[in-house]
Structures are given as structure tokens and as C-alpha cells.
Amino acid sequence: MKKKLFRNCHWFSLAVCLSSLLFCANPIVAQNSLSEDVTVLNAKTETDRYKSVLNLSDGKYKDVYDINLKYAKEQSSIQNLGKSRKATLNAIMNSDKKKAKELKTVLDKDQYKEYSKWLKEENEKRKVEIASIDAKEKAAKAELKATKAKEKAEKAREKAEKARDKANKAVNKHREVR
């Protein structure tokens with residue numbers, strides 16, 4: 001009886017472990033799937049925008065979509081690295097340069113000129129954001145430096161006050177001795 005109960009308990013615990021493993025793994029799979037869906041949607045949306053702005057033919061649409069999807073995946077992984085916003089923006093701008101080289105082989109001269117104009121505007125926005133980040137970092141460093149200077153001044157004031165007290169005690173002692 002004990003052995004049968006133990007065997008049933010063993011299978012029950014195995015079933016619980018497996019179901020908990022599946023339960024825990026499911027959100028991870030769902031999150032990865034959602035991330036890929038967003039990446040595909042971003043590539044499609046961007047390609048649709050190019051189709052209307054750059055007047056892409058159906059053949060070029062497919063080629064541009066493939067390039068956009070490739071770089072949407074790359075930029076998604078860049079954003080998921082957990083680096084600073086500034087480092088992420090710089091990496092995305094480098095990715096865009098590589099993407100532009102590939103698009104140059106697919107787009108005609110006028111289309112590429114229009115794309116380059118749009119890319120330049122996007123990079124200007126990113127550069128402004130990077131400059132803003134730099135300014136905020138400098139302001140934070142200056143604030144930290146000012147705080148340290150205030151602390152140093154406070155310590156110097158306290159030291160001067162102690163020296164003044166010591167001098168007053170010495171003067172008073174000298175008067176008492178006289």
C-alpha cells in the first residue's frame with residue numbers, strides 16, 4: 001500500500017513540475033512572439049510608407065520590405081541590449097547607414113534621394129536627442145560638483161569654527177594666567 005501511494009505521489013509531483021515548467025515558459029515564448037510580431041509590423045508599416053512616398057513598384061516593395069525587416073530585427077535587438085539611450089541611438093544610426101547602403105542597390109536615383117532626405121531628418125532628430133542627453137549629463141555632473149564644493153566649504157567652515165574656538169580658549173587661558 002505504501003509503495004503504491006509513493007508511486008502515485010511520484011507521478012503526481014512529476015506532473016506538477018512539468019505543468020509549472022510549461023506555465024513559466026509560456027510567457028517567455030509569448031513575449032518573444034509578440035516582439036517578433038511588432039518587428040514585422042514595424043517593417044511593414046515602414047515599407048508601406050516608402051511605397052506611397054517613394055512610389056515603389058510591387059517588385060521593389062518586396063525587396064525593400066526584406067531589407068526593412070532585416071534592419072528592424074537588428075534595431076530591435078539593439079534596443080534590447082539594455083545600453084544607455086545615447087549608445088542605443090548611436091547604434092541605430094550606424095544600423096541606418098548600413099540599411100541605406102542596401103537600399104541604394106534597390107531604389108532608383110530619385111527614390112534614394114528622397115529616402116536620404118528623410119533619413120537625414122531622422123538622424124538630425126536623433127542628434128538633437130543625443131545633444132539633449134549630453135546636456136543633461138553635463139548638468140548632473142555640474143550639480144554633483146557644486147554639491148561636493150558645498151560640502152567641502154561646510155567642512156572648511158566647521159574647521160575654521162573649531163580653530164576659532166581653540167584660539168578663544170587659548171586667549172582666555174592666557175588671561176587667566178596673567
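Analyst: Buried residues make up 21% of the 178 residues in the protein chain, where buried means under 20% relative accessible area, exposed means over 50%, and partly exposed covers what lies in between (1.4 Å probe, protein chains only). The model is a predicted one, in which local features need pLDDT of at least 70 and side-chain atom pairs count only at pLDDT 80 or more, while totals for chains, interfaces and linings use all residues. Residues are numbered from 1 along each chain as its sequence is written, and side-chain values use heavy atoms, with hydrogens and water left out.

Helices (H or I, at least four residues) and strands (E, at least two) are DSSP runs, numbered from the N terminus.

Side chains of opposite charge can pair when their charged atoms come close. In the whole structure, 13 salt bridges are found, each being a side-chain nitrogen of Lys or Arg within 4 Å of a carboxyl oxygen of Asp or Glu.

In the next pair, Lys86 forms a salt bridge with Asp134, and here the closest N and O atoms are 2.5 Å apart. Because Lys86 lies in helix H3 and Asp134 in helix H4, the pair ties together parts of the chain that are 48 residues apart in sequence. Lys86 is partly exposed, at 26% relative accessibility, and Asp134 is likewise partly exposed, with a relative accessible area of 24%.

The remaining pair to consider is Glu161 with Arg157, a salt bridge in which the closest N and O atoms are 3.0 Å apart. Both residues belong to helix H4, and because they are four residues apart there, about one helical turn separates them. Glu161 is partly exposed, with a relative accessible area of 36%, and Arg157 is also partly exposed, at 42% relative accessibility. Salt bridges that share partners join Glu154, Arg157 and Glu161 into one network.

Lys101 lies in helix H3, and its relative accessible area of 64% is why it counts as exposed. Thr47, in contrast, lies in helix H1 (residues 2-54) and is buried, with a relative accessible area of 0%. Leaving out residues up to four places away in sequence, Thr47 touches Leu56, Tyr61, Val64, Tyr65 and Asn68, where contact means heavy atoms within 4.5 Å.
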